[in-house]
Amino acid sequence: MTSAKTDITIAEPAQNGQGKKLFIKTYGCQMNVYDSERMAEAMGSDGYTQVESAEAADMVLINTCHIREKASEKLYSDLGRLRKLKKNKPDLKIGVAGCVAQAEGAEILRRAPQVDVVVGPQAYHRLPAMARAAREGQTQQLDTDFPAEDKFDNLPKLRAARGPMAFLTVQEGCDKFCAFCVVPYTRGAEVSRPAARILDEARALVERGVRDITLLGQNVNGYHGAGAAGDLTLAGLIRELAKVDGLLRIRYTTSHPNDMGDDLIAAHGEVVQLMPYLHLPVQSGSDKILKAMNRKHTAEQYLRLIERIRAARPDILLSSDFIAGFPGETDSDHAATMDLIRAVGFGAAYSFKYSARPGTPAAEKAEVDSDIADARLQEMQALLSSQQYGLQAAMVGREVGVLYEKAGRLDDQLVGKSDHLHAVHVTDPAGKIGELVRVKITASVTNSLKGQRIG
Ligand code: SAH
Ligand code: SF4
Ligand code: F3S
């Protein structure tokens, strides 16, 4: 196995990938979406342009997710298909990035000899050099280092915006070590980017037409980056971002309940650009399970926290993540989760069946019967979707801001996101993508709202 680390020349746009085509397939969370864009730009500075299919590409990059077993398995089925493609097109280069690359890099190379490049999330700035080495005949390169240099400083700075909404990574990694979760191992320890860099990136995005930025971090409300006068919390960073001219909306994800500081809660009531939507995963409503998960708070503490957040911003829409069938979960633990869901009322939610992940403490424990876990998941999802539709329908008659994102299916129709992140269809012949307008909501359909522009 060879490594490209030695012959790296970072950020030197050699352009000898000129004319080459890159296809990126992205799995996983928003951070992977953001990372894929950054990798596309890094490769772009070496001459690659992006295409929409593996068949049209000279290089295929799979940006992977390791969070649940099903997510990881997708990599190997993709690699099977790519092996066939490469047989007919021997010059095709195959790269694997993301959290499976980080967790199982050497294993991927062993199982899939057709793979040329494996690159972990902290080494993306080295991808163009690795691709170059691959073109020159080096196969099976692996870089899953956590390098000393900051990848963000070594990735191209200016991004082309792909619409009025964008992600911006402010923090990466996690120190929480929930008993079920691979993220602390795949993304490493928590690191916050300096505020000045984030502000620069936000301004560059706004110049390119972005109006709504979602700040990303695995534990984003644990943000503590260097500011002009000492470290800033996430609330401090949001207040700085709120001064950026033309940035109309700010969101952030994903937060841990234990890091919801008083200043962040206050910001929800005070910063007009901070949108009334909060994703605050709780995972379970049972204190016994929360403890076994190492979440370090009780159900009651979560409920009190929600009360304080709602006191600061009464119309906030809450979203959460839940796991069904964590080891040791009984019917009464599950009932406690259902009670918590009823007590809060969530406007959106993601729920998952527990998946034992190699290397995590929970993977050592006896699993709940699979059918029981499935049944609990279904029960949870039924309640969560009825809450979601109920809260969506309750928007009818209200006036909300809508940021137009793209054309709708009907003539003169535009689709955008409301303050609460609902998709809203508006017939507006004079409207333009990127415009933030006032809309009166007139109807709630399956997965979206309809509205009339009023300002
Ligand atoms: N950093 C975020 C989310 C990380 S992963 C947080 O702390 O909440 C997103 C969600 O995937 C988690 O909130 C959890 O609900 C789910 N998840 C993580 N590991 C899992 C596992 N082993 N099995 C099932 N769901 C899991
Ligand atoms: Fe995983 Fe989130 Fe827990 Fe960190 S806080 S270990 S990312 S679930
Ligand atoms: Fe998946 Fe890694 Fe994101 S495991 S959820 S891609 S941080």
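Trainee: Which residues are around ligand 2?
Mentor: Keep in mind that we're looking at a predicted model. By class, the shell around ligand 2 splits into seven nonpolar, one polar and two charged residues. By name, the residues around ligand 2 are Cys-174, Lys-176, Phe-177, Cys-178, Phe-180, Cys-181, Val-183, Pro-184, His-256 and Arg-295.

Trainee: What is the distance from a polar side-chain atom of Gln-283 to an oxygen atom of ligand 1?
Mentor: Let's walk through some polar contacts of ligand 1. The side chain of Arg-68 has an N or O atom 3.0 Å from an oxygen atom of the ligand. A polar backbone atom of Gln-218 sits 2.7 Å from a nitrogen atom of ligand 1. For the side chain of Gln-283 and a ligand oxygen, the distance is 2.6 Å.

Trainee: Where is Asn-294, and is it buried, partly exposed or exposed?
Mentor: Asn-294 is in the loop between α10 (287-292) and α11 (299-312). Its relative accessible area is 26%, and buried needs under 20% while exposed needs over 50%. That puts Asn-294 between the two cut-offs, so the label is partly exposed.

Trainee: Which residue's backbone oxygen lies 2.9 Å from a polar atom of the Asn-294 side chain?
Mentor: Leaving out residues up to four places away in sequence, Asn-294 touches Lys-176, Phe-177, Cys-178 and Ala-179. One of these, Phe-177, is 117 residues away along the chain, yet its C-alpha is separated from that of Asn-294 by 7.2 Å. The backbone oxygen at 2.9 Å from the Asn-294 side chain belongs to Phe-177.

Trainee: Let's do rings. What geometry does the pair Phe-322 and Phe-346 have?
Mentor: The whole structure holds four aromatic pairs. In the pair of Phe-322 and Phe-346, the centres are 5.5 Å apart and the planes make an angle of 80 degrees. Planes over 60 degrees apart count as edge-to-face, so this pair is edge-to-face.

Trainee: Why does that pair tie together parts of the chain that are apart in sequence?
Mentor: Phe-322 belongs to strand β15 (residues 317-324), while Phe-346 is in the loop between α12 (331-344) and β16 (348-353).

Trainee: Which arginine lies over the face of Phe-152?
Mentor: Arg-111 lies over the face of Tyr-76, 3.6 Å from the ring centre. For Phe-152, the distance to the ring centre is 4.0 Å, and the residue is Arg-193.

Trainee: What is omega for the cis peptide bond joining Thr-253 and Thr-254?
Mentor: Most peptide bonds are trans. Here Thr-254 is in the loop between β13 (249-253) and α9 (262-270). For the cis bond joining Thr-253 and Thr-254, omega is about 5 degrees.

Trainee: Lys-296 has a positive phi; is this residue buried or exposed?
Mentor: Most residues other than glycine have a negative phi. Phi of Lys-296 is near 65 degrees, and this lysine is in the loop between α10 and α11. With a relative accessibility of 62%, Lys-296 counts as exposed.

Trainee: What is phi of Gln-140 near?
Mentor: Gln-140 is in the loop between α4 (127-135) and β6 (141-143). At 18% relative accessibility, this glutamine counts as buried. Its phi is positive, near 55 degrees.

Key
Residues numbered from 1 in each chain as written. Chains lettered and ligands numbered in written order. Predicted model: local features only at pLDDT ≥ 70, side-chain atom pairs only at ≥ 80, totals over all residues. Heavy atoms only, no water. Helix = DSSP H or I, 4+ residues; strand = E, 2+ residues; numbered from the N terminus. Buried < 20%, exposed > 50% of the residue type's maximum accessible area, 1.4 Å probe, protein only. Contact = heavy atoms within 4.5 Å. Polar contact = N/O pair within 3.5 Å; in protein donor to acceptor, adjacent residues only side chain to side chain. Phe/Tyr/Trp six-rings, centres within 6.5 Å; stacked < 30°, edge-to-face > 60°. Lys NZ or Arg CZ within 6 Å of the ring centre and 35° of its normal. Near = heavy atom within 4 Å. Nonpolar A, V, L, I, M, F, W, Y, C, P; charged D, E, K, R; others polar.
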